[in-house]
Structures are given as C-alpha cells and as structure tokens.
Amino acid sequence: MAAISIHQFVKCITCHAWSPDQSMVALCPNSDEVHIYRMSQDKWERVHVLQKHDQIVSGIDWSTRSNRIVTVSHDRNSYVWNQEAAEWVPTLVILRLNRAALCVQWSPKENKFAVGSGAKTVCICYYEQENNWWVSKLIRKRHNSSVTGVAWHPNNHEKRLKKKGTKGTWILTTGDKNILLATTSTDGKCRVFSTFIKGVDARDSRTGSSSDAKFGEEIVQLDLSFSWAFGVKWSPSGNTLAYVGHNSMIYFVDDVGPSPLAQNVAFRDLPLRDVLFVSERMVIGVGFDCSPMVFAADGSGIWSFIRFLGERKAVSSSAKYGSQFSEAFGKLYGQSKQGVGNDGVEHSRTRGGIHENCINGIVPLREDGSSKVTRFSTSGLDGKIVIWDLKNQEDLSVYL
C-alpha cells in the first residue's frame, strides 16, 4: 500500500509543514496555535507551542535552508519564527491587510515569502534589518476575489521575462529565479506575476533593462476555470503549471506566456483542494474525496486520471453523474454513504479510506539533490497526517 505511516495528532488539522531534516512537524490543530512535534522513541512528542495569533492559523511554511517558520492567520497577521536556543521567537510581519491571510510560501531563495489573502491582494514580504521586522509590498487590484493559493517558480530551471513586440506581452525563457509567482483565486483565474523588489533581488536576476516587468506586473492570466480555483503548483522544471477548480476539474498549462498550451481533466468525484508535482509527468491531487488522486501525462503529453492511491484500478468511467448527485443528497439527509439506489443509476465508490475527512494539504518530503518526489504527506480535517511512498507502486513507476 502507498501509505507507509498514519499519525493521529489531534481532532482536526488546518495545515502542516515539516522541518528541513523531516524530524519535526508543525501543525495547526484548527486553532490559533501552532504545535511542533518531534519523533521520540517511535512516538510523537509535542515539544513546542507557538502562541501569537488570535484566530485560526491558515498557513504554515518551514524554510529548508534557514530553518525559519512563517505562519499566517485569519487575524490578518503573519509572524516569522526563529529558533533561539530552545525557544521559537516571533518576528512581526507588516502585512497591511483588512481581511484574513489565507496561504503562505517561502520563495526559492528564502529571502521573501508570499501571502495570499481575502483582501484580493498578495503580500510579498521581505526583511528590514534596521527595524527588525518583515515588511510587505502589495500586489493590488489584480484579483477580483480572495487569493487561495500562491506558488513560486522553482529554483532549478528559471524563467526569464522578455518583452515581445510592441503590444507589451511577455514571454518566459530560461534565466530568472525568485521572481515569478503564480496565484489562484476564487474569481476562477490563475495568474502569474513579477515580484522583483529593488534592493532585495539581485540586478542580474532580471533580463535587459527598462523593458523588464515591474513589481506586480501581470505576466499572464489564465481563464480556464468557471469556478473557484485552488492549489496552484509548478512542475520541477517550471515548464508546466497545474491548478484545480471547484468544479471537479484539474488544469495543466504548458509554455506559460501569451500563447499557453492548456489541458483540463474532468473527473466525476468530489473537487480537489491542492496538488503536488511528484515528477514532470505525474501529479497528486487531494481534496474532498478523502483519497489522493493520481494524474499522469503519456508520451505525447496528454494528461489523464490514473487511479486513487490505495486502489489497484481507476474508477470505471461508465458510472453516471446521477449517483454523485444522489449521494450528495443522501449525505445531507443522513442516508447511506454508498449512495441512494435509483433505477438505472450505479452506486458511486465509497468515500474515504485512510483519511476520513477532507484532505486540505499535501507537502513533499524531498530527498537531498533530487527533483523527483517519491514521498509526501497529507493532512486533513480528521486530524491525521499520513505519509505516502510511491517507490513500490509498480504501475506508477513509469511516470516517476
């Protein structure tokens, strides 16, 4: 089975992140606290409790190089935590938000981080040593609704911004790093922005001179989804972008720029909330269906749904939509999870498996020097963190 360990920490987990050596895990137990656990004698022991927020912590990211933790919360605040001796000391982040902070991610160089919010803005935060705090520059008036996901372009095969023609469109070629940021929003759109900050990003990480994209300039806007959009991620090379919609669809975009190549894969199960590239050709999606879903690209680059993790075969595509519709009403009125037996309608698959509630986060467990991910963890509203390993999945090895 792909799940190699299951850990029940609390009743409900909002988000989680791992330490650089993967010996500790930080999680939010659906409260205003962050709990840090360490494995001790085959048992998880709570070693720290980070207390500074006033409302639910909605995002955690643990930097791999500097060993710093950044947290964001519905209280509109963010803190960067540094370990000093045996304690974690918070440093204030000036976000300037009037709505909840929803998600956060460190940049590849870890000198910036991005915060998505319910204020229709993205905060790009960097450190001011003279004041000993983190300040932010805001990407405003670009989103029409809450920003639900942020993803930095990866560090290894960077994209360079280059202006094409007199219309001012941008194309992406290899070159830059720590600059490009993808976002998703409940307005249904995925966007890519430039986040170059003078004095923070090196001048040689930009191309050319005056024609380069300024901070907050929109590189591309993808209008593929007609529903809320979540969980945006780049492939390891940065050549492909993937995100999900609340309409039970996942979108893949190659050659991000003025003429992107886009695909979408529709599935009959419940919507996804987050995705993870484990290789250039395989993506794991997690969400309301309580089981990770595997998507892969064939030799010609066509993406499709493969199967649920923990199951041998994909769910038959002959099942009709009516069973999903009937099952939703069955759950609402306390009927069987197997679906309501209507004439001519097949029963849908049993929801759940190892997770017993919505999976709201997926985090890679990378090995040093490898761009591929064979191990990852998922957390959910059932309070579990499950570690998955794809090495022994023979039918999936061709995509790794």
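Biologist: Which residues does Val 278 touch, not counting those up to four places away in sequence?

Modeller: The model is predicted. Residues up to four places away in sequence from Val 278 are set aside. What remains for Val 278 is Ile 284, Lys 372, Val 373, Phe 376, Leu 390 and Leu 400.

Biologist: How many residues does the largest nonpolar core have?

Modeller: Val 278 is among the residues with the most contacts inside this core, along with Leu 309, Phe 376 and Trp 388. The core they belong to has 21 residues.

Biologist: Which strand gives the most to this core?

Modeller: Strands that each supply at least two residues include S24 (272-279), S26 (293-297), S28 (359-364) and S30 (384-389). Strand S25 (282-287) is also on that list. The most, three residues, comes from S25.

Biologist: How many residues are in the second, separate core?

Modeller: This core includes Phe 196, Ile 219, Val 220 and Trp 234. Its count of residues is 20.

Biologist: Is Ser 225 buried or exposed?

Modeller: Ser 225 lies in the loop between strand S19 (218-222) and strand S20 (229-234). Its relative accessibility is 7%. The cut-off for buried is under 20%, so at 7% Ser 225 counts as buried.

Biologist: Which backbone nitrogen does the side chain of Ser 225 reach?

Modeller: Leaving aside neighbours within four places in sequence, Ser 225 is in contact with Gly 188, Tyr 243, Gly 245, Asn 247 and Tyr 251. The side chain of Ser 225 also reaches a backbone nitrogen at 3.1 Å. That nitrogen belongs to Ser 227.

Biologist: Which are the edge strands of the open sheet of four strands?

Modeller: The order in the sheet is S14-S17-S18-S19, with antiparallel pairing. The twist from one strand to the next averages 20°. An edge strand here pairs on one side only, which holds for S14 (147-152) and S19.

Biologist: What is the bridge partner of Leu 180 in S18?

Modeller: Strand S17 covers residues 180-185 and strand S18 covers residues 190-194. The two pair in the antiparallel sense over five bridges. In S18, the partner of Leu 180 is Ser 194.

Biologist: What pLDDT does the chain average?

Modeller: Of the residues, 80% score at least 70. Over residues 205-211 the pLDDT is below 50, and this stretch has 14 contacts in the model beyond near neighbours in sequence. Residues 328-348 also have a pLDDT below 50, with 25 such contacts. The chain average is 86.

Notes:
Residues numbered from 1 in each chain as written. Heavy atoms only, no water. pLDDT = per-residue confidence, 0-100. Contact = heavy atoms within 4.5 Å. Buried < 20%, exposed > 50% of the residue type's maximum accessible area, 1.4 Å probe, protein only. Polar contact = N/O pair within 3.5 Å; in protein donor to acceptor, adjacent residues only side chain to side chain. Pairing = 2+ DSSP bridges. Axes fitted to C-alpha atoms, helices over the stretch in contact; angles between N-to-C directions. Core = buried A, V, L, I, M, F, W, Y, C linked by side-chain atoms within 4.5 Å.
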